[in-house]
Amino acid sequence: METLVVDHPLVAHKLTTLRDVRTDSPTFRRLTDELVTLLAYEATRDVRVADVTVETPLTPMTGTQLTRPTPLVVPILRAGLGMLDGMTRLLPTAKVGFLGMARDEETLRPATYADRLPNDLSGRQCYVLDPMLATGGTLAAALRLLVERGADHVTAICLLAAPEGLQTLTENLGEQNGATLRVVTAAVDERLNDKGFILPGLGDAGDRLYGSV
């Protein structure tokens, strides 16, 4: 499990404004969109490409294009939807699947309530969108599901991560049939509080994106 913290002044600037309790929902959504595009730029450095020959107005040349199957972007509902536009702006040819997961109140384990993903992901790179890597249980279950369906390269893009969540991923995933697993985030914060929120964090990302319902 590889973790990449994107160290860039624009990332730090936008993240600071997201943390500010005075930032309203429209501004929060816009900044999330912009920040995800910056994170996605780093997250896709290993996207699979192949050489292709094209004709410029002057001469033929060898360039680069994405290989097939094209990457799959998977937002985890509902907060992950707020990251989707920023990701697909950078990868407009990517396919999009949706995954809804919630904690079962009896077992306290993540349960899937919505699955709009291909059954066969063999040889496919996947990018999972989840704003907050807190306890890590939901994201670990999502990554495991993708690998079980054949994905061999899965990158989770998160606005923030907690050390406890990263530890959960490491302990629960380990070697996954040779698949490459990564987390790309704007920052790793201090810790979780007793309610499972990241400190200093930015609050509930879903509520700040869409309001409390």
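This is a predicted model: local features need pLDDT of at least 70, side-chain atom pairs count only at pLDDT 80 or more; totals for chains, interfaces and linings use all residues.
## The cores

Let's start with the largest nonpolar core, which has 35 residues. Its members with the most contacts to other members are L35, L39, M87, I157 and L202. At least two core residues come from each of α1 (9-19), α2 (25-43), α3 (84-90), β8 (125-129) and α6 (205-210).

## Strand β8

Five of the five residues of β8 are buried, so this strand is largely enclosed by the rest of the structure. Q125, Y127 and L129 point one way, while C126 and V128 point the other way.

What does β8 pair with? Strand β4 (residues 72-77) runs parallel to β8, joined by four bridges, and V73 has Y127 as its bridge partner. Strand β10 (residues 153-158) is also parallel to β8, this time with five bridges. There, I157 stands opposite L129.

## I157 and D130

Leaving out residues up to four places away in sequence, I157 touches L39, A40, A43, M83, M87, Y127, V128, L129, D130 and V184.

D130 sits in the loop between β8 and β9 (132-133). D130 is buried but makes no salt bridge. Its nearest side chain of opposite charge is R78, 10 Å away.

Methods:
Residues are numbered from 1 along each chain as its sequence is written. Side-chain values use heavy atoms; hydrogens and water are left out. A nonpolar core is a set of buried Ala, Val, Leu, Ile, Met, Phe, Trp, Tyr and Cys residues joined through side-chain atoms within 4.5 Å. Buried means under 20% relative accessible area, exposed over 50%, partly exposed in between (1.4 Å probe, protein chains only). Contact means heavy atoms within 4.5 Å. Lys and Arg count as positive and Asp and Glu as negative; His and the chain ends are not counted. A salt bridge is a side-chain nitrogen of Lys or Arg within 4 Å of a carboxyl oxygen of Asp or Glu. Two strands pair if DSSP finds at least two bridges between them.
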